[in-house]
Amino acid sequence: MKIPINLGDYHEPTTAPAAKYPLVIAACEETKTKEKGKPQFRVSIGFEGHPEFQNITHFVGIPGDGDEPKALEFKALLLKRFLAAFKVPVDKEGIDTEQLCMQMVGARAELEVGMDEPAPNGNVYNRLVVPRLREEGQAGVVGGKAKAAPPPKR
């Protein structure tokens, strides 16, 4: 059988230079971490208007009952930041992971993309830079400008 295709027309996707890009969540699935089998989201994020760039694979831990309090708090904050960046609404009563996966697909954001250090095999991958929540953690900001805390009284 002969297939009329010129394989020379097909190229490996490349990494994007570090910069801010319009991004879209192309796929999301619930998986487990390799080491401890903890639940996480595996998210594939595409570059809008740049099909030549390979999708970013981004993992977001899912807070669970078996987590230590500090780990649970950290995972919850990272998930909250990610969902806020992509403007995915969250139910205050809790999250349904299956429903959240479906909600994420198609969500868009304009975010910074960085570059990882080369892997042992020489491959380089993009990584997503998820910003901190603007409305939180700004106790020292007054009128849009940072203000130092007053020195302690002696």
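## Aromatic pairs

Rings of Phe, Tyr and Trp (its six-membered ring) count as a pair if their centres lie within 6.5 Å; planes under 30 degrees apart are called stacked, those over 60 edge-to-face, and the rest tilted. In this predicted model, local features need pLDDT of at least 70 and side-chain atom pairs count only at pLDDT 80 or more, while totals for chains, interfaces and linings use all residues. Residues are numbered from 1 along each chain as its sequence is written, and side-chain values use heavy atoms, with hydrogens and water left out.

The structure holds four aromatic pairs. One of them is formed by Tyr21 and Phe47, which are edge-to-face, with 5.1 Å centre to centre and 90° between the planes. Because Tyr21 lies in strand E1 and Phe47 in strand E2, this pair ties together parts that are 26 residues apart in sequence. Another pair, Phe82 and Phe86, is tilted, at 5.1 Å centre to centre and 45° between the planes. Tyr21 and Phe47 also form one aromatic cluster with Phe53.

## Overall fold

The protein chain has two helices and seven strands; helices (H or I, at least four residues) and strands (E, at least two) are DSSP runs, numbered from the N terminus. Along the sequence, the pattern reads β-β-β-α-α-β-β-β-β.

Contact means heavy atoms within 4.5 Å. Among contacts in the protein chain between residues at least 6 apart in sequence, 51% join residues at least 24 apart.

## Buried residues and the nonpolar core

A residue is buried under 20% relative accessible area, exposed over 50%, and partly exposed in between (1.4 Å probe, protein chains only). Buried residues make up 25% of the 154 residues in the protein chain. Among them are Tyr21, with a relative accessible area of 8%, and Phe47, with 7%. Phe82 and Phe86 are buried as well.

A nonpolar core is a set of buried Ala, Val, Leu, Ile, Met, Phe, Trp, Tyr and Cys residues joined through side-chain atoms within 4.5 Å. The largest such core has 27 residues, of which Leu23, Phe41, Ile45, Phe82, Phe86 and Met104 touch the most other members. Elements giving two or more residues to this core include helix H1 (69-85), helix H2 (97-104) and strand E4 (108-115). Leaving aside neighbours within four places in sequence, Ile45 is in contact with residues including Leu23, Phe82, Phe86 and Leu128.

## A buried lysine

Lys75 lies in helix H1 and is buried, with a relative accessible area of 17%. Beyond its neighbours within four places in sequence, Lys75 is in contact with Lys38, Gly61, Ile62, Pro63 and Asp67.
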